[in-house]
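Reader: I'd like to go through this model with you and ask what stands behind each label.
Author: Happy to, let's begin.

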Amino acid sequence: MKIVAVIPAHMASARFPGKILFPFHGIPMIEHVRRRALLSNSIFEVVVATCDDGIASVVRGFGGKVVMTANTHKNGTTRIAEAVSNIDCTHVILLQGDEPLLLPRHVDALASAMKASPAGDAWNATGPIESPEELDRHSFVKCAVSQSGRIMHCFRRTPAYSSFEQQQVFVRKILGIISYRKDFLMKLTGFRSTPMELAEFIEQMRVIENDYILQSVPVSPSLPSVNEPHEAEVVLEYIRQDPEQKALLERIFA
């Protein structure tokens, strides 16, 4: 098994334009993600896939590898598929560039799940839902998980009417660590966009709506990402308060 991690990135963001280069502790958000991915014990290579020269210049300035892609991609899945089309690998991990709190051990957990079932289609790290308010917060995606760990449905607002405590059993937060068997990824991006994928802006639904298996890989904790400007301060506060994050910050600057 040869795993490549790809961080899809572009400057356009409806809720936070240019967020991918927003600085945390003096380096851009995407560079935090790239450096943390390099601390994983499971990845052969880390690549940034982008259509923006500004992002490419910044990443290369830090010594990172960049693959330039078309500017027509509607989501990260098709962008990473183009990026890895000429890379020798068996599996691909998509790392969202707006998750600067990425834990290398979460990447390793996903890789372990892939190694345990290398013929699987796709995997997604998921975290616990920690408050009732999160069930209806549209800025991040949730999912319903079966007893075997299969992700059955993804949504932004919960469709369930049961209590928060009951939903905590089967609802989990979708994290920005998604992986695919490479040949399945190439097949997936050849499919047309599906109705729920388009309606909810959730690219994982293309896997589910075409009746393939998207497996949940449970990890903890659920870490905040940066979807809107005010969430940048949430991330900074998390780094200030969390011992594991503070230790990681020292490692990526070492």
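Author: Helices (H or I, at least four residues) and strands (E, at least two) are DSSP runs, numbered from the N terminus. This is a predicted model, in which local features need pLDDT of at least 70 and side-chain atom pairs count only at pLDDT 80 or more, while totals for chains, interfaces and linings use all residues. Residues are numbered from 1 along each chain as its sequence is written, and side-chain values use heavy atoms, with hydrogens and water left out.

Reader: Which helices and strands each supply at least two residues of the lining of the largest pocket?
Author: They are strand S1 (3-9), helix H3 (76-84), S10 and helix H7 (195-200). S10 makes the largest share, with 5 residues. The terms come from a 1 Å grid over the protein atoms alone: a pocket is an open set of points with protein on both sides within 12 Å along at least five of seven lines, a cavity is a set where a 1.4 Å probe fits but cannot get out, and lining residues have an atom within 4 Å of a point.

Reader: How much space lies in the largest pocket?
Author: About 1,300 Å³. Its lining has 42 residues, and those closest to its centre are Arg15, Gln96, Arg156, Phe201 and Glu203. The volume is the space filled by probe spheres set on the grid points, which are joined across faces, edges and corners. By class, the lining divides into 14 nonpolar, 17 polar and 11 charged residues. Here Ala, Val, Leu, Ile, Met, Phe, Trp, Tyr, Cys and Pro count as nonpolar, Asp, Glu, Lys and Arg as charged, and the others, Gly among them, as polar.

Reader: What lines the second largest pocket?
Author: There are 15 residues, with Glu134, Arg137, Lys173, Pro224 and Val234 nearest the centre. This pocket holds about 280 Å³, and helix H9 (residues 231-241) gives the largest share of its lining, 3 residues.

Reader: How many cavities of 30 Å³ or more does the whole structure have?
Author: The search finds 2. The largest cavity has about 40 Å³ of space and is lined by Glu99, Leu102, Leu103, His106, Leu175, Gly176, Ile177 and Leu223. S10 gives the most to this lining, with 3 residues. The second largest cavity has a volume of about 30 Å³, and its lining divides into 1 nonpolar, 4 polar and 2 charged residues.

Reader: What makes Cys143 count as buried?
Author: Buried means under 20% relative accessible area, exposed over 50% and partly exposed in between (1.4 Å probe, protein chains only). Cys143 is at 0%, so it is buried. Cys51 has 22% and is therefore partly exposed.

Reader: Why is helix H1 described as largely enclosed?
Author: Because 9 of the 10 residues of H1 (residues 29-38) are buried by the rest of the structure. Among them are Met29, Ile30, Glu31 and His32.

Reader: What makes S7 and S10 a strand pair?
Author: Two strands pair if DSSP finds at least two bridges between them. S7 and S10 (residues 171-181) have 6, in the antiparallel sense, and Gly127 stands opposite Lys173 there. S7 also runs parallel to S11 (residues 214-218), with 5 bridges, and Ala125 has Val217 as its partner in S11. Of the 7 residues of S7 (residues 122-128), 6 are buried.

Reader: Why is Arg150 called partly exposed?
Author: Its relative accessible area is 32%, so Arg150 falls in the partly exposed class. Arg150 sits in the loop between strand S8 (142-145) and strand S9 (151-155).
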